[in-house]
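Hi,

Here's the structure I said I'd pass on. Have a look first, and then read on for what turned up.

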Amino acid sequence: MFGFIFLLLSFFFLDLSALSSEVHEICLNQLNFKSSLSGIYKALVCGKRLPSGEIKQLFVKGGLVHLTVVSGAHLIFLENLWLKLPLPKTAKSWGLSLFLILYALASQLHPPVLRALFSFFLCQFSQKWKLFWSPAGITLLSALFCLIYNKDWIDSSSLQLSVLACLVYSISKSSLKKAFFIYLSLLPILNRWQNLHPLSVLINWTLAPIIGGLLFPLSFLSPFFPFLYKISDFLWLNFLKLLEGVKFLPSDKPLINYQLPEDWTWFYILLIFFVLSAFKKLRRGFH
């Protein structure tokens, strides 16, 4: 556990930008192949932003563009994958930490993935010392660590959206309700630059599991097992054809039109945190 703390604190005392750039370039070189879908692979595996174009617009209009950005969901998959490997217990523990750090470096240490990495370490720390920190508390603390690491991220919309979505994710066990409440909570922020149709909730509910459970794993494993590219390319092409249905969604029909002022964003996140915490306490009181 002290090793975990050392690795966590190293983010505050070491300049990792140069190392991250080198690891990112190595990752991109591993994906240096000719494909009309190379942008998707580089976004999912190396954290390179999806290039502007028709494919990106499909993801944006369908409310799925967040799935093309390396985030906590990707780290959870990699954690589960690593834990299935036949390794000694000690090697699994240390190896997992190094593996996730390496992936975060390859992803250019973008705010959402670094926040997820901090959350992973904080969760490990809480479990080790039986602190019983709540997932919401860990989420806020991970955001604070991100701001300590880089104070300029105070205005990072990707960090703010990541924190907010993570807070709201635990509001219900129903995946459909999760998608709806995340949409509702993010809308006042998303309205600043796009009009997201309410039907994107259903799109997320039905299609997001396909990306997270099938397409991302295949995209991640393909550089190590090149024969998988034919399978993943085929599935991605058919997925994009399915996603083309979002073209028929009206572009100016959000559920609410209110735009949250940028200066209020962190206060809004804290308000959501306290409301959800109070709601959970009340719900426990009735059981």
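Let's start with a pair of helices. Helix α2 packs against α3 (residues 38–46) at an angle of about 140°, and their axes are 10 Å apart. Keep in mind that this is a predicted model. Angles over 145 degrees would count as roughly antiparallel, so α2 and α3 come out as oblique to each other. Their crossing is right-handed. On the α2 side, the contact is made by His24, Cys27 and Leu28, and on the α3 side by Lys42, Val45 and Cys46. By class, that contact has four nonpolar residues, one polar and one charged.

α3 has another partner too: helix α11 (residues 200–221), with an angle of about 90° and axes 9 Å apart. α3 and α11 are therefore roughly perpendicular to each other. Here Tyr41, Leu44 and Val45 of α3 meet Phe216, Ser219 and Phe220 of α11. Five of the residues in this contact are nonpolar and one is polar, with no charged ones.

Which elements give two or more residues to the lining? Those are α2 (17–30) and α6 (89–106). As for its make-up, the lining has 12 nonpolar residues and one polar, and none that are charged.

Happy browsing!

Conventions: Residues numbered from 1 in each chain as written. Predicted model: local features only at pLDDT ≥ 70, side-chain atom pairs only at ≥ 80, totals over all residues. Heavy atoms only, no water. Helix = DSSP H or I, 4+ residues; strand = E, 2+ residues; numbered from the N terminus. Nonpolar A, V, L, I, M, F, W, Y, C, P; charged D, E, K, R; others polar. Axes fitted to C-alpha atoms, helices over the stretch in contact; angles between N-to-C directions. Parallel < 35°, antiparallel > 145°, perpendicular 65-115°, else oblique. Left-handed = near helix turned anticlockwise from the far one by under 90°. Contact = heavy atoms within 4.5 Å.
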